[in-house]
Protein chains: 2
Amino acid sequence: MDTDPKLQIRRLEKALGAGAHTDARVILQSMYPADVADAFVRMKPIQRSVLVSLYDDEELADFIEYLPVTDAVDVLEGLTEPEQAAVFHELPDDHMVDLLQEMEPDQQKESIELLSEGKKETAEDLLRFPDDSAGGRMTTAFASVRADMTVREAIHELEQIKEETELLSRIYVVDENNRILGKVRLRDLTFSKRSVLISEIMDNETLAVKALADQEEAVQMMARYDLMAVPVVNDDLQLLGLITHDDAFDIQEEETTEDIEKQSGIVGAPVEESYLQTSVGVHIKRRLGWALVLAVLAISSGFVLENFGDDLKRARILMIYLPMVVAAGGNTGGQAATMVIRAMALGELTPGSLIRVVWKEFRIGALIGAVIGLSIGVQIFFSMGGIDENSSFSIGRAAVAVAISLAAQIGASTMIGSALPMLAKAARLDPAVVATPAITTIVDVTGLLIYFGCARLILF
Amino acid sequence: MDTDPKLQIRRLEKALGAGAHTDARVILQSMYPADVADAFVRMKPIQRSVLVSLYDDEELADFIEYLPVTDAVDVLEGLTEPEQAAVFHELPDDHMVDLLQEMEPDQQKESIELLSEGKKETAEDLLRFPDDSAGGRMTTAFASVRADMTVREAIHELEQIKEETELLSRIYVVDENNRILGKVRLRDLTFSKRSVLISEIMDNETLAVKALADQEEAVQMMARYDLMAVPVVNDDLQLLGLITHDDAFDIQEEETTEDIEKQSGIVGAPVEESYLQTSVGVHIKRRLGWALVLAVLAISSGFVLENFGDDLKRARILMIYLPMVVAAGGNTGGQAATMVIRAMALGELTPGSLIRVVWKEFRIGALIGAVIGLSIGVQIFFSMGGIDENSSFSIGRAAVAVAISLAAQIGASTMIGSALPMLAKAARLDPAVVATPAITTIVDVTGLLIYFGCARLILF
């Protein structure tokens, strides 16, 4: 099994292309489903259906888990009803529900009808939870035992369900009302005397998330307490399901994408489809809002600029360095906002530290501003000598004016960039709302005011 | 154990503040170490040392794992040598190595001298790997058995090491040269007949990462193949250690922070310290470079602006809408760059799809540009009527000129924002190098050219 996945994918594609189905099946069986899924999403419909036909129901269920949900639903739709029923039977229940959530209502109803009695009930229970809640992501195929059982009884009970259970390493201990009391690890059972009571060996850790909590809460709990899985409970603390480490990875990836996109002014949850699969309309819907709002806000910069228009006519040097001074604020303010937003997302920083953060950013901004201001001032002094020869000011004065305004703009923008996300958080808004695009728009205005203010004080 | 962590932290702080050490110890023992760590990092040195003195060596080792490494090293330095030795003895070896990596060379040498023979050897072996490599992050406390053992022999062998082993749910099967052959799950052992051979029940999956591979590779493999842990091997495929799901979380968090920061022009790996702990000097070192480079590049925008300076004098309306048209390019180009960079990071997109992506972004940009351009055009037509009363052009013409240049700037910027990161990747550069700050600087120039180009064609 240690062949290079890329090589295997090429061999598979070649075999399918040549119609060599027996060869293709042999290659397929030596491959990890995740690698086959990679090849599948790039295949043409005809090749896709041949590939699907080469798998038996169990293999197909295993393979479908690694496909993007939209592709997985497509595969299911191409199957006969008995095949669909067989695949659903093999799928872990959290994946089954992911697929049902993705379907159109009609199709969802038809698919639920194909399920066995037990699975149908599970599906209906799970579909009641929003798909980004802990309940919407959990599996119900977890292992639980009672505290008053002996190890022998517990092992016997687990043996009955071991095939369906997704994670057997963590076994939850519950009372007669199915309320969580603690947990045992499989190793505790395996290496204990058979006559010992579960209550004697259990760990009375009862960390759990509510079913209606955001899925992100489950992941944060796993990361914080180094857990392999988090139990999901209802309001009466009864155990309903489990979110496992592999779900947590997927959730963390989705949430990170959302955070990154928000910081660039892209709204809404990331779509399940990949970038290329997502329609132009959906892309526009997620991007247009902020782009339009920021465009309207940018009119204010325009009025400031127009107000100082006469100053520009009096000094060519002011025209040349205007875009730089304004842009330097956006760049350094954006850096500060990014650092602060990330630190808050990681729980390292709370709005209570506002003063300490702004004081820190003041020093950082002042020093970065001093270095860049001085560099540009020197550059102006030595290379721009003749630019405003008939004006009333010397090139030295112009260099000083640009350098000071550049330093002041960088210092101010760094402070603004760090303070605004913290103030947003204090006001219970999402800090990402005042990320780079909004900061840039704001410091465009401050930059123009600082620039022309310095010019009037020093030059004219 | 189900009290609210915040409440527990407040009670702990109160007890420590009042000098009620017995109460503090009772509260401490009812708390999760992760919650204590949260309180600890905000405490004054005196309170910190009292808290540390309330723990015994085993509890302290457990607690230290949840502290940021710099704080953990501080705690260790405050202990006597026998206490240090006892805590090191209790620490899992990957955490022990994290702490040693953080120490100054002298202190590291002293600490290694305190270790028992076995631990000393492990530490010296592990310290040879770079701290962001798979080898630098792995634990050597993993479980392995031979394929020709019976289940009875395997269980007997595992029983000897069960206390030290970090993850017993995955047991790796090796040959006589310690090369990996496959794996068994603990459940396979627990529920199998004792006389069965390991080779009969093992799964011959041999997925592993090389010890010198980047730690990110291990995480990508776990996410891709839904693994609970990834074995780490040397060049001869001999099993050296294991990266477990909880390490993977930490690694993923670090790597995400690095990606987010890079996209704002912050260079270098994120530091281990939290935002506030990081010195002003380190912050400046990570941010100054790009800020300076972009400032120098922004001079080119200035020359373009200066070149068209006379046009600005002829139409006040051009002055007012200049900042908006330029900024709209930065915002929409930044959105496109963010989406494409994230899609490449998730493996959804490769540079081979350049044409398809640019064609998609052309349509997205053209439509967003049309909507925003039209909105602003209408706004100009109805509210800016008297602005250039003595000029040769009507307000309608001015509205058309601004609207068209705005739409063209958004369309061009969206295409540039998506294409540059892909071209960077194709050239084997980091796509984040051409993220928002660089894109903004580039589209500032194109924006000015488009704006004045349209003005000259339509207005003058």
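1. The largest nonpolar core comes first. In this predicted model, that core holds 137 residues. Val230(A), Val232(A), Val230(B) and Val232(B) touch the most other members. Take Val230(B) as an example. Leaving aside residues up to four places away in sequence, Val230(B) touches Leu207(B), Ala208(B), Val209(B), Ala218(B), Met221(B), Met222(B) and Ile243(B). As background, nonpolar side chains in soluble globular proteins tend to be buried together.

2. Next, the strands of chain A. Strand 5 of chain A spans residues 229-233. Strand 5 runs antiparallel to strand 6 of chain A, and five bridges join them. One of the pairings links Val233(A) with Leu239(A), its bridge partner in strand 6. Strand 6 covers residues 239-244 and is mostly covered itself: six of its six residues are buried.

3. The hairpin turn deserves a look. Five residues sit between strand 5 and strand 6 of chain A. Within this hairpin, Leu237(A) takes a positive phi near 65 degrees.

4. How many residues of chain A are in contact with chain B? The count is 93 residues of chain A, in contact with 93 residues of chain B. Helix 19 of chain A, residues 316-345, gives the most to the side of chain A that touches chain B: 18 residues. By type, that side of chain A divides into 47 nonpolar, 26 polar and 20 charged residues.

5. Now the symmetry. Two copies of a chain are related by a rotation about an axis and a shift along it. Here, a rotation of 180 degrees with 0.0 Å of shift along its axis superposes chain A on chain B, with an RMSD of 0.1 Å. That is the relation of a two-fold axis. The interface residues agree too: 100% of those in chain A are also interface residues in chain B, so the copies meet through the same surface.

6. Last, chain A overall. Its secondary structure comes to 22 helices and six strands. Its C-alpha atoms fill a box of roughly 95 × 60 × 45 Å along the principal axes. The radius of gyration of chain A is 31 Å, whereas a compact globule of 460 residues would have one near 23 Å. Of the 460 residues, 44% count as buried. Among contacts in chain A with a separation of 6 or more, 70% join residues 24 or more positions apart.

Note on methods:
Residues numbered from 1 in each chain as written. Chains lettered and ligands numbered in written order. Predicted model: local features only at pLDDT ≥ 70, side-chain atom pairs only at ≥ 80, totals over all residues. Least-squares fit on C-alpha atoms with pLDDT ≥ 70 in both. Contact = placed C-beta atoms within 7 Å. Buried ≥ 20, exposed ≤ 12 C-beta atoms within 10 Å, placed from the backbone. Helix = DSSP H or I, 4+ residues; strand = E, 2+ residues; numbered from the N terminus. Pairing = 2+ DSSP bridges. Nonpolar A, V, L, I, M, F, W, Y, C, P; charged D, E, K, R; others polar. Rg over C-alpha atoms; globule rule 2.2 N^0.38 Å. Core = buried A, V, L, I, M, F, W, Y, C linked by C-beta atoms within 7 Å.
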